[in-house]
Amino acid sequence: MVGSERPARADARRNREKLLAAASAAFAAGGTVSLEAVAREAGVGIGTLYRHFPTREALVEAVYATELDDVAGSAAALLAELPPDAALRAWMRRYAAFVATKRGMFDTLSASWSAGSMSVSTTRERITGALATLLEAGARDGSLRADVEAEDVLAMLLGAFHSAVAEGAPERTDRVLDLVLDAVRPR
């Protein structure tokens with residue numbers, strides 16, 4: 001069949017998932033991330049890494065897209081398990097981890113955004129949409145204020161994350177997330 005792709009074999013899918021997990025952990029740890037170290041941590045050869053991700057940029061973009069899908073999609077799952085205010089707190093923690101992972105990828109991500117191969121506005125829309133879902137559920141049950149906009153909460157979160165990273169104080173993140181949650185609770 002011309003133009004159709006065969007589904008990836010199960011072992012190829014597993015290798016790709018292992019590579020993404022290893023790369024995500026390496027980027028979250030910060031510092032220089034070697035592709036050889038990612039392959040080694042994933043338990044595959046460098047050739048396998050390059051078959052899935054022919055360039056460093058391709059790997060970074062795939063890690064970013066996977067993480068974005070996870071963080072944006074987790075809002076509904078958290079609401080199914082937790083009351084809205086607890087779901088929001090759990091989601092904010094997950095979002096903090098997402099932002100931490102981007103630290104080690106920032107230069108490559110910036111180049112991708114500048115080149116137009118990735119869109120900052122798409123990321124913002126998806127994150128704001130997840131936040132709005134959580135805030136609306138909390139407004140309906142009364143556990144969160146109804147007059148809070150997702151964009152405002154996002155601004156608070158990004159400021160908190162930036163401050164914690166700039167000061168080298170990641171332990172501050174949890175305290176600040178508690179303050180953000182307090183700010184969106186009814187008075």
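Helices are DSSP runs of H or I with at least four residues, numbered from the N terminus. The views below show a predicted model: local features need pLDDT of at least 70, side-chain atom pairs count only at pLDDT 80 or more, and totals for chains, interfaces and linings use all residues. Residues are numbered from 1 along each chain as its sequence is written, and side-chain values use heavy atoms, with hydrogens and water left out.

**View A. Trp91 and Tyr95, a ring pair within helix 5.** Four residues separate Trp91 from Tyr95, about one turn of the helix. Rings of Phe, Tyr and Trp (its six-membered ring) pair if their centres lie within 6.5 Å; planes under 30 degrees apart count as stacked, over 60 as edge-to-face and the rest as tilted. Here the ring centres of Trp91 and Tyr95 are 5.2 Å apart and the planes meet at 10°, so the pair is stacked. Both Trp91 and Tyr95 are buried. Buried means under 20% relative accessible area, exposed over 50%, and partly exposed in between (1.4 Å probe, protein chains only).

**View B. Tyr64 and Phe98, a ring pair between helices 4 and 5.** A search of the whole structure finds three aromatic pairs. In the pair of Tyr64 and Phe98, the centres are 5.5 Å apart and the planes lie at 45°, so this pair is tilted. Tyr64 sits in helix 4 and Phe98 in helix 5, so the pair ties together parts 34 residues apart in sequence. Tyr64 and Phe98 are both buried. Ring pairs link Tyr64, Trp91, Tyr95 and Phe98 into a cluster.

**View C. The largest nonpolar core, with 31 residues.** A nonpolar core is a set of buried Ala, Val, Leu, Ile, Met, Phe, Trp, Tyr and Cys residues joined through side-chain atoms within 4.5 Å. Leu88, Trp91, Met92, Tyr95, Leu131, Val153 and Leu157 touch the most other members. Two or more residues each come from helix 4 (56–81), helix 5 (84–103), helix 7 (120–141), helix 8 (150–166) and helix 9 (172–184). Helix 5 gives the largest share, eight residues.

**View D. Met92 and its contacts.** Contact means heavy atoms within 4.5 Å. Leaving aside residues up to four places away in sequence, Met92 touches Leu157, Phe161, Leu177, Val180 and Leu181. A second, separate core has 17 residues, including Phe27, Val38, Ala42 and Ala62.

**View E. Thr48 in helix 3 (residues 46–52).** Thr48 is buried, with a relative accessible area of 14%. Beyond residues up to four places away in sequence, Thr48 touches Asn15 and Leu19.
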